[in-house]
Amino acid sequence: MIDINTASADEIDAVPELKGHGFEIARYRTERGRFDALRQLEEVPGLAGKIDGLERVARVG
């Protein structure tokens, strides 16, 4: 399980459900601050509608 708020882009890309989105997630986090909930990933370009089930592999904290 990875923490979306502390993981690097490469670590995020290593999660199959998030592969290819690590850079965008890390950039979004840098520009807008930490995530408070996984549902906020819906705001990251390319992830809208793709976050179902992420609570099994990712967390915010």
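Glu 55 is exposed in this predicted model, because its relative accessibility of 52% exceeds the 50% cut-off. The residue sits in the loop between helix 2 (22-32) and strand 2 (58-59). Glu 55 also contributes to a negative surface patch.

Arg 56 forms a salt bridge with Glu 17, with 3.5 Å between the closest N and O atoms. Glu 17 is partly exposed, at 34% relative accessible area.

The structure holds 4 salt bridges in total. Two further pairs share Arg 27. Arg 27 meets Glu 24 at an N to O distance of 2.5 Å. Both residues lie in helix 2, 3 residues apart, or about one turn of the helix. Arg 27 also pairs with Glu 31, where the closest N and O atoms are 3.1 Å apart. Glu 31 and Arg 27 are 4 residues apart in helix 2, so about one helical turn separates them. Together, Glu 24, Arg 27 and Glu 31 are linked in a network of salt bridges.

Glu 24 is partly exposed, with a relative accessible area of 21%. Arg 27 is likewise partly exposed, at 30%. Glu 31 is exposed, at 52%.

His 21 is found in the loop between helix 1 (9-13) and helix 2. His 21 counts as buried because its relative accessibility is 15%, under the 20% cut-off. Residues up to four places away in sequence aside, His 21 touches Asp 13, Pro 45, Gly 46, Leu 47 and Lys 50.

Gly 61 lies in the segment after strand 2. Gly 61 is exposed, with a relative accessible area of 60%. Beyond neighbours within four places in sequence, Gly 61 is in contact with Asp 3, Asn 5 and Arg 34. The C-alpha atoms of Gly 61 and Ile 2 are separated by 9.7 Å. These two residues are 59 residues apart along the chain.

Note on methods: Residues numbered from 1 in each chain as written. Predicted model: local features only at pLDDT ≥ 70, side-chain atom pairs only at ≥ 80, totals over all residues. Heavy atoms only, no water. Patch = residues over 30% accessible without salt bridge, like charges linked within 9 Å, V, L, I, M, F, W, Y side chains within 5 Å. Areas by Shrake-Rupley, 256 points an atom, 1.4 Å probe, with all protein chains shown as cover. Salt bridge = Lys/Arg side-chain N within 4 Å of Asp/Glu carboxyl O. Lys, Arg positive; Asp, Glu negative; His and termini not counted. Charge placed at Lys NZ, Arg CZ, Asp CG, Glu CD. Helix = DSSP H or I, 4+ residues; strand = E, 2+ residues; numbered from the N terminus. Buried < 20%, exposed > 50% of the residue type's maximum accessible area, 1.4 Å probe, protein only. Contact = heavy atoms within 4.5 Å.
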